[in-house]
Amino acid sequence: MLKMSELAERSGVSAATIKHYLREGLLGSEAEVLRTSRNMAYYPVDFVDRVQLIKRLQEERFMPLRVIREVIGSDPDRAARLIELEDRILERAIEARETGRVTRSKVQETYAVPKNVLDRLESLGVLTPTQRGYDADDVAIIEAISRFRAGGYEEAIGFTVYDTLRYREALEPLVAEEVRVLLDRLAGKVDVERAVEIISSGAEPLRELIGAVHSKLLLAELRRQRGHGD
């Protein structure tokens, strides 16, 4: 058990902040605290990790305490595993994107997409280049739009960059649910590196699955529309 001063020193968080966490119910049950007098109490050693986790969620994830209370709940260890897994996935994704960027000039040279189209896609947040250029997903989007335009999807007949927003808006809730399910099923059940490998290996099959399902749905909708016409 630790005195408040020891808990503050080990966790790197002020005693006043820790007391605030206690009042907000973020450090577990009052039964875990041993009070020997009105002004003296001892706290479990595992409060150190919990305090650091709360501070990290505040500073790195910008989470309000109300949300942190919900995330930690009755199982702070699981919350820590989820965060570790999220961080590792993000690290790998960022590393992959930063090592494979393509300059804007190279993209314009390779794909028949006008500068004003690229500018609009960037303003919409569909493309997110840095000073070093576009990442692999940006390039894949640009290539797809180039092929659309070559196949006849032209602005003259109503096709614009704003059509991309339809797909992004439809995919956002699906991706949010996918992330929730993946983290829930993997965190704590396999080690972090194995979990990252599983998620990475599923990226390409998932693209193929979405493409195939979309194709089937498109055909089914065309048949439905024809049936209505008949």
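**Charges, patches and strands in a predicted model**

Asp46, Asp49, Asp75 and Asp77 gather in a negatively charged patch on the surface. The model is predicted: local features need pLDDT of at least 70, side-chain atom pairs count only at pLDDT 80 or more, and totals for chains, interfaces and linings use all residues. Residues are numbered from 1 along each chain as its sequence is written, and side-chain values use heavy atoms, with hydrogens and water left out.

Q: Why is Asp77 called exposed?
A: Exposed means over 50% relative accessible area, buried means under 20%, and partly exposed lies in between (1.4 Å probe, protein chains only). Asp77 has 53%, so Asp77 is exposed. Asp77 sits in helix 5 (residues 76–99).

Q: What makes the charge of the patch with Asp46, Asp49, Asp75 and Asp77 negative?
A: Asp and Glu count as negative, Lys and Arg as positive; His and the chain ends are not counted. Patch residues have over 30% relative accessible area and no salt bridge; like charges are joined within 9 Å, nonpolar side chains (Val, Leu, Ile, Met, Phe, Trp, Tyr) within 5 Å.

Q: Which residues make the nonpolar surface patch?
A: Tyr167, Leu171, Leu174, Val175, Val179 and Ile210 make this patch of about 510 Å². Helix 9 (residues 163–186) gives the most, with 5 residues. Tyr167 lies in helix 9. Its relative accessible area is 49%, so Tyr167 is partly exposed.

Q: How do you know that Asp119 forms a salt bridge with Lys115?
A: A salt bridge needs a side-chain nitrogen of Lys or Arg within 4 Å of a carboxyl oxygen of Asp or Glu. The closest N and O atoms of Asp119 and Lys115 are 2.9 Å apart, so the pair qualifies. Both residues lie in helix 7 (residues 115–123), 4 residues apart, about one helical turn. A network of salt bridges links Arg104, Lys115, Asp119 and Glu122.

Q: What makes Arg194 and Glu197 a salt bridge?
A: Their closest N and O atoms are 3.4 Å apart, within 4 Å, so the pair counts. Arg194 and Glu197 both lie in helix 10 (residues 192–201), 3 residues apart. The whole structure holds 18 salt bridges.

Q: Why are strand 2 and strand 3 called paired?
A: Two strands pair if DSSP finds at least two bridges between them. Strand 2 and strand 3 (residues 40–43) are joined by 3 bridges, so they pair. They run antiparallel. Ser37 has Met40 as bridge partner, and a hairpin of 2 residues joins the two strands.

Notes:
Areas by Shrake-Rupley, 256 points an atom, 1.4 Å probe, with all protein chains shown as cover. Charge placed at Lys NZ, Arg CZ, Asp CG, Glu CD.
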